[in-house]
Amino acid sequence: MVSLNVNGQAREIEADLDTPLLYVLRDELDLHGAKYGCGLGQCGACTVMVGGEAVFSCVTPLVAVAGKQVTTVEGLGTIEAPGPMQAAFIAEQAAQCGYCIPGMMMRAQALLQLDPNVSDEAIRAHMEPTLCRCGTHMRILAAIRRAADAMRGAAAAGATNARAG
Ligand code: FES
Ligand code: FES
């Protein structure tokens, strides 16, 4: 039995310790946002966040996330109330087939959570491991820039409120 926290909820998983996190998310927890692409850590379709870092869940064994905080694309918001990253991808119409998009969002979220003031060059370098076969890279970059603007705005509003309060 392995205990972990997924999208803010404590979960107990009965599975072999070597089971890839991707299979646990999709098959045990019914979270189908993270996608199976290559299964080899080479495409990024399966990317989720573990403790704030983007990881390939297809090559991350269950035992490696014991006691940790896992965030999937489902944890960024809902259809009714999309989070800033999801809203930015929708606004920029960044998806063509959509298969790479959850992984793109999670990799970008890990970067912007750390620093929403990140440079364009740093965004491009950070996003390199996640592939898009449809070639919507320019829209994806635009979505990440839009999400960064929103996250900077939210941070500034939070600081203003804290000073006022
Ligand atoms: S499915 Fe995990 S990196 Fe390709
Ligand atoms: S939108 Fe199809 S793979 Fe990226």
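Me: In helix 5, about how many helical turns separate arginine 152 and aspartate 149?
Reply: Keep in mind that this is a predicted model. The side chains of arginine 152 and aspartate 149 meet in a salt bridge, 2.3 Å from N to O. Arginine 152 is partly exposed at 31% relative accessibility, and aspartate 149 is partly exposed at 47%. Because they sit three residues apart in helix 5, the separation is about one helical turn.

Me: Which residues are joined into one network by salt bridges that share partners?
Reply: The structure holds four salt bridges. One of them links arginine 145 to aspartate 120, with the closest N and O atoms 2.7 Å apart. Salt bridges with shared partners make one network out of Asp120, Arg124 and Arg145.

Me: How many residues apart in sequence are the parts that arginine 145 and aspartate 120 tie together?
Reply: Both ends are partly exposed, arginine 145 at 32% relative accessible area and aspartate 120 at 26%. Arginine 145 belongs to helix 5 and aspartate 120 to helix 4, so the pair ties together parts whose distance in sequence is 25 residues.

Me: What does glutamate 92 form a salt bridge with?
Reply: Glutamate 92 is partly exposed, at 23% relative accessibility. Its closest N–O approach to the partner is 2.8 Å. Glutamate 92 lies in the loop between helix 2 and helix 3 and the partner in helix 5, so the bridge ties together parts 54 residues apart in sequence. The partner, partly exposed with a relative accessible area of 40%, is arginine 146.

Me: Is lysine 35 buried or exposed, and which side chain of opposite charge is nearest?
Reply: Lysine 35 sits in the loop between helix 1 and strand 3. Lysine 35 is buried, yet it has no salt bridge. A salt bridge would need a side-chain nitrogen within 4 Å of a carboxyl oxygen. The nearest side chain of opposite charge is 6.7 Å away, and it belongs to glutamate 74.

Me: Then which backbone oxygen lies 2.8 Å from a polar atom of the lysine 35 side chain?
Reply: Away from its sequence neighbours within four places, lysine 35 is in contact with Leu22, Arg26, Ala45, Cys46, Tyr99 and Pro102. Its side chain also reaches the backbone oxygen of glycine 33 at 3.0 Å. The backbone oxygen at 2.8 Å is that of histidine 32.

Me: Which residues does histidine 32 touch, not counting those up to four places away in sequence?
Reply: Histidine 32 is in the loop between helix 1 (21–28) and strand 3 (47–50). Histidine 32 is partly exposed, with a relative accessible area of 40%. C-alpha to C-alpha, histidine 32 is 9.2 Å from threonine 72, which is 40 residues away in sequence. With sequence neighbours left out, the residues touched are Arg26 and Glu74.

Me: What is the relative accessibility of methionine 49?
Reply: Methionine 49 lies in strand 3. Among its contacts beyond four places in sequence are Ala54, Val70, Met106 and Ala110. Methionine 49 counts as buried, since the cut-off is under 20% and its value is 3%.

Me: What is the phi of asparagine 7, in the turn of the hairpin?
Reply: Strand 1 (residues 2–6) and strand 2 (residues 9–13) pair in the antiparallel sense over five bridges. Within that pairing, asparagine 5 has alanine 10 as its bridge partner. Two residues lie between the strands, and asparagine 7 in the turn has a positive phi of about 50°.

Me: And what is the phi of aspartate 30?
Reply: Most residues other than glycine have a negative phi. Aspartate 30 is in the loop between helix 1 and strand 3 and is exposed, with a relative accessible area of 56%. Although aspartate 30 is not a glycine, its phi is positive, at about 60°.

Key:
Residues numbered from 1 in each chain as written. Chains lettered and ligands numbered in written order. Predicted model: local features only at pLDDT ≥ 70, side-chain atom pairs only at ≥ 80, totals over all residues. Heavy atoms only, no water. Helix = DSSP H or I, 4+ residues; strand = E, 2+ residues; numbered from the N terminus. Buried < 20%, exposed > 50% of the residue type's maximum accessible area, 1.4 Å probe, protein only. Contact = heavy atoms within 4.5 Å. Pairing = 2+ DSSP bridges. Lys, Arg positive; Asp, Glu negative; His and termini not counted. Polar contact = N/O pair within 3.5 Å; in protein donor to acceptor, adjacent residues only side chain to side chain.
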